[in-house]
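Please look at the sequence and the 3D structure below before reading on. The report is written for a reader who is new to protein structures.

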Amino acid sequence: MSLFNRGIMGYLFSEIDSISVKRLKRLQTERLRRQIDRVWHQVPYYRKTLHESGIHPKDIRSPEDLFKLPFTKKIALRDNYPFALFAIPLKEVIRLHCSSGTTGKPIVVGYSKKDIKVFAEVVARSLWAAGCRPGMKLQNAYGYGLFTGGLGLHYGAEKLGMTVIPISGGATEKQLMLLNDFKSDAICCTPSYALTLAEELKKRQIDVLSLKLQYAVLGAEPWTESTRSSVQAALNVKATNIYGLSEIIGPGVSQEDVDERGTGSYIWEDHFYPEIVDRNTGEPVKQGNAGVLVLTTLTKEAMPIFRYWTNDITFLYKDKHGKRNFIKMGPIAGRADDMLIIRGINLFHTQVEAMLNGLTAFSQNYQLVVTKNRAHDEVEVKVEINSGLFNEYLKNLAASEIMTSEKIVQACKMLEKKLKDNIGLSLNVKIEEPGTIPRSEGGKLNRILDLRQTQNG
Ligand code: DLL
């Protein structure tokens with residue numbers, strides 16, 4: 001049963017968008033059986049791990065049996081560097097990408113001709129859900145290269161029939177020029193870079209209405225409703241979330257629908273089977289509860305992957321009011337390895353970001369500085385004051401600054417109270433001048449400055 005090569009986009013998407021639960025399940029089952037048979041015969045690593053767990057491909061008859069398999073963790077990809085997990089001969093691999101690691105050897109992923117087609121298909125489907133349509137111009141500000149963002153969005157947009165502007169990340173001046181001169185209809189980039197663009201637009205006093213942007217497709221890092229409000233207001237767009245990871249395919253594992261913003265992202269389950277498990281025990285959690293997202297590819301030819309432990313924390317749920325039958329995932333709270341434990345309480349930077357929503361005294365530029373105080377970790381929340389308020393403060397400095405500085409103190413207290421009431425932690429908030437906290441220069445932004453190692457050294 002093929003959902004590809006249908007020619008007319010509208011037909012293709014309406015068919016997949018309205019897939020019934022029954023048909024989806026049948027598709028997943030057929031595809032999973034085929035996939036497990038293939039890896040058993042073609043990938044020594046999987047044959048060995050299955051054998052060691054006492055499992056034969058015949059034991060995996062449907063997705064419900066997946067729990068019998070061990071998880072695949074990042075270490076397995078490192079141990080099999082660079083090509084040992086490939087399930088097809090290297091000469092049939094038509095593209096390689098790497099995941100964005102910071103140290104050591106990267107994680108390598110390979111794609112067959114059909115994988116590249118599927119990649120383009122899920123991204124095209126995602127862009128369609130984001131509001132993009134054939135004929136629209138997409139400014140692709142994800143990085144091109146080993147990172148999957150640039151080429152992933154590029155091929156998907158072309159498949160949808162959009163005009164791609166392959167500018168890549170960074171070169172902010174040029175981004176603004178092309179947004180204006182080409183009248184791009186949509187932009188895709190990291191949410192932190194969308195904030196940078198918004199800020200630069202304001203600095204240059206460019207009227208956002210002179211641009212014709214309608215949609216922003218944001219992903220590759222965690223973000224919250226607070227960032228969405230800022231980006232939507234500053235760029236005059238509808239901003240949706242796109243999620244994915246190199247190990248599974250790249251962007252296009254899941255996507256938020258433009259008319260259902262804030263209610264989670266549809267996982268394209270005909271290609272990627274999701275589970276949520278407890279981060280400590282690995283046991284499945286009840287639908288709706290948060291845990292680690294675990295993904296199994298159903299159609300990957302070059303590098304199929306079973307029960308991949310993404311380390312991303314989210315939850316799954318079936319949206320009864322949604323347009324599609326696919327399951328939804330909530331926004332990623334963060335990566336399990338980026339979670340801070342402060343005085344016994346788990347903390348993701350997104351929780352702090354969420355508290356900035358509606359506090360107009362601040363910008364969206366913040367950073368968590370982590371230090372060690374004896375055996376305990378401490379976090380300071382650095383946040384930039386809104387430039388309007390700061391200018392008012394400077395103006396009043398010579399005369400009677402009291403009123404403005406009082407406003408700033410009040411805003412700071414309000415944020416500290418919100419953090420305490422919602423997260424249960426008394427965190428020290430430090431107000432910074434505009435322009436002093438690092439911004440995204442085109443890619444992913446690290447919101448955590450961890451000084452614990454330097455303190456130890
Ligand atoms: O970031 C793929 C991508 C490109 C996704 C462009 C969306 C847009 P990696 O470099 O392998 O791939 O990083 C994958 O980034 O495990 C998450 O931790 C994080 N991530 C990706 N998308 C989101 C998102 C690409 N929408 C890792 N929200 C993943 C939160 C995200 N985190």
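Predicted model: local features only at pLDDT ≥ 70, side-chain atom pairs only at ≥ 80, totals over all residues.

Residues are numbered from 1 along each chain as its sequence is written, and side-chain values use heavy atoms, with hydrogens and water left out.

## The two domains

The domain assignment of the protein gives domain 1 (1-333) and domain 2 (339-456), where such bounds come from an automatic or database domain assignment. The C-alpha centres of domain 1 and domain 2 lie 31 Å apart, and the contact between them (heavy atoms within 4.5 Å) takes 26 residues from domain 1 and 19 residues from domain 2. About 1,600 Å² is buried between domain 1 and domain 2, with carbon and sulfur atoms giving 48% of this area; buried area is the accessible area (1.4 Å probe) that two parts lose on being put together, summed over both. On the side of domain 1, Thr224, Ser226 and Ala333 lose the most area to domain 2, together 25% of what that side buries.

Helices (H or I, at least four residues) and strands (E, at least two) are DSSP runs, numbered from the N terminus. Thr350 is found in helix H10, and Thr350 is buried, with a relative accessible area of 7%; here buried means under 20% relative accessible area, exposed over 50%, and partly exposed in between (1.4 Å probe, protein chains only). Leaving aside residues up to four places away in sequence, Thr350 touches Pro222, Trp223, Thr224, Ile332 and Ala333.

## Helix H9

Helix H9 (residues 225-235) has as its buried residues Ser226, Thr227, Arg228, Val231, Gln232 and Leu235. The elements that cover these buried residues of H9 include helix H8 (191-203), strand S7 (238-245) and helix H10 (349-355). Just after H9, Asn236 takes a positive phi of about 55 degrees.

## Salt bridges

Side chains of opposite charge can pair when their charged atoms come close. A salt bridge is counted when a side-chain nitrogen of Lys or Arg is within 4 Å of a carboxyl oxygen of Asp or Glu. The structure holds 31 salt bridges, and the count between domain 1 and domain 2 is one. Among the salt bridges are the following.

| Pair | Closest N and O atoms |
|---|---|
| Arg439 and Glu199 | 2.6 Å |
| Glu64 and Lys25 | 2.8 Å |
| Glu121 and Arg125 | 2.7 Å |
| Glu378 and Arg343 | 3.3 Å |

Are Glu121 and Arg125 buried or exposed? Glu121 is buried, with a relative accessible area of 1%, and Arg125 is also buried, with a value of 1%. Both residues, Glu121 and Arg125, lie in helix H5 (residues 113-129), four residues apart, about one turn of the helix.

Glu378 forms its salt bridge with Arg343, and because Glu378 lies in strand S19 (residues 376-385) and Arg343 in the loop between strand S16 (340-342) and strand S17 (345-347), the pair ties together parts that are 35 residues apart in sequence. Glu378 is partly exposed at 26% relative accessibility, and Arg343 is partly exposed at 42%.
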